[in-house]
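Student: Could you take me through the pockets of this protein, and then show me what lies on the surface around them? I would like one connected walk-through.

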Amino acid sequence: MESTSVDQGMKFDTEKVRTDLHSVPAFLGTCAVLTYGAKKYAAWNWSKGINYMRVYGALIRHVTSWVMGQKLDEETGLPHLDHAACCIMFLQHYDRHEEKYKAFDDRPYGKIA
């Protein structure tokens with residue numbers, strides 16, 4: 001009987017982030033929204049900073065549109081959920097670099113009942 005095992009090289013990556021677990025269609029969908037934004041505004045425009053609550057408002061509008069049964073954004077023709085994922089990515093980035101983006105943090109925490 002022939003052996004089917006393959007002698008493989010070693011790779012010590014068990015403690016590294018599992019980037020292979022990310023959904024490729026979801027990643028590409030977010031990239032499509034970023035591409036649209038780069039054409040409309042400029043590449044990396046979002047990284048200059050946007051008030052958090054404006055991003056949050058866009059996130060809620062896109063998710064609400066999706067909840068109401070509208071799959072695609074009327075302006076871009078791209079999925080609302082891809083737009084929402086893009087908004088989340090912005091907020092994740094801003095939150096991880098809070099010192100750089102603190103001037104854009106306009107969340108109302110502690111200001112409303």
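Tutor: Here is a walk through the pockets first, and then the surface features. Please keep in mind that this is a predicted model.

Let's start with the general idea. Rolling a probe the size of a water molecule over the atoms shows where empty space is left. In this model, the largest pocket holds about 810 Å³ of space. Its lining is made by 27 residues, and those nearest the centre of the pocket are Val33, Tyr41, Ile50, His83 and Phe90. Helix H1 (24–40), H2 and helix H3 (80–96) are the elements that each give two or more residues to this lining.

Now move to the second largest pocket, with about 310 Å³ of space. The elements giving two or more residues to the lining here are H1 and H3. H1 gives the most, with five residues. Among the lining residues you can look for His22, Phe27, Cys31, Met89 and Arg96. The lining of the second largest pocket divides into six nonpolar residues, three polar and one charged.

Next comes the surface. Val63, Trp66, Val67, Met68 and Leu81 make a nonpolar patch of about 500 Å². Helix H2 (residues 52–67) gives the largest share of this patch, three residues. Valine 63 has a relative accessible area of 30%, so it counts as partly exposed.

Finally, let's look at charged side chains that pair up. The count of salt bridges comes to four. One of them joins lysine 40 and glutamate 75, with their closest N and O atoms 2.7 Å apart. This pair links distant parts of the chain, because lysine 40 is in helix H1 while glutamate 75 is in the loop between H2 and H3, 35 residues apart. Lysine 40 is partly exposed at 42% relative accessibility, and glutamate 75 is partly exposed at 49%.

Another salt bridge brings together the side chains of arginine 18 and aspartate 20, at 2.7 Å from N to O. Arginine 18 is partly exposed, at 49% relative accessibility, whereas aspartate 20 has a relative accessible area of 55% and so counts as exposed. Glutamate 99 and lysine 102 also meet in a salt bridge, again with 2.7 Å from N to O, and both of these residues are exposed.

How values were computed: Residues are numbered from 1 along each chain as its sequence is written. This is a predicted model: local features need pLDDT of at least 70, side-chain atom pairs count only at pLDDT 80 or more; totals for chains, interfaces and linings use all residues. Side-chain values use heavy atoms; hydrogens and water are left out. Patches are made of residues with over 30% relative accessible area and no salt bridge: like charges are joined within 9 Å, nonpolar side chains (Val, Leu, Ile, Met, Phe, Trp, Tyr) within 5 Å. Accessible areas come from the Shrake-Rupley method with a 1.4 Å probe; for residues, only the protein chains shown count as cover. Helices (H or I, at least four residues) and strands (E, at least two) are DSSP runs, numbered from the N terminus. Buried means under 20% relative accessible area, exposed over 50%, partly exposed in between (1.4 Å probe, protein chains only). On a 1 Å grid over the protein atoms alone, a cavity is a set of points where a 1.4 Å probe fits but cannot get out, and a pocket is an open set with protein on both sides within 12 Å along at least five of seven lines; lining residues have an atom within 4 Å of a point. Grid points are joined across faces, edges and corners, and a volume is the space filled by probe spheres set on the points. Ala, Val, Leu, Ile, Met, Phe, Trp, Tyr, Cys and Pro count as nonpolar, Asp, Glu, Lys and Arg as charged, and the others, Gly among them, as polar.
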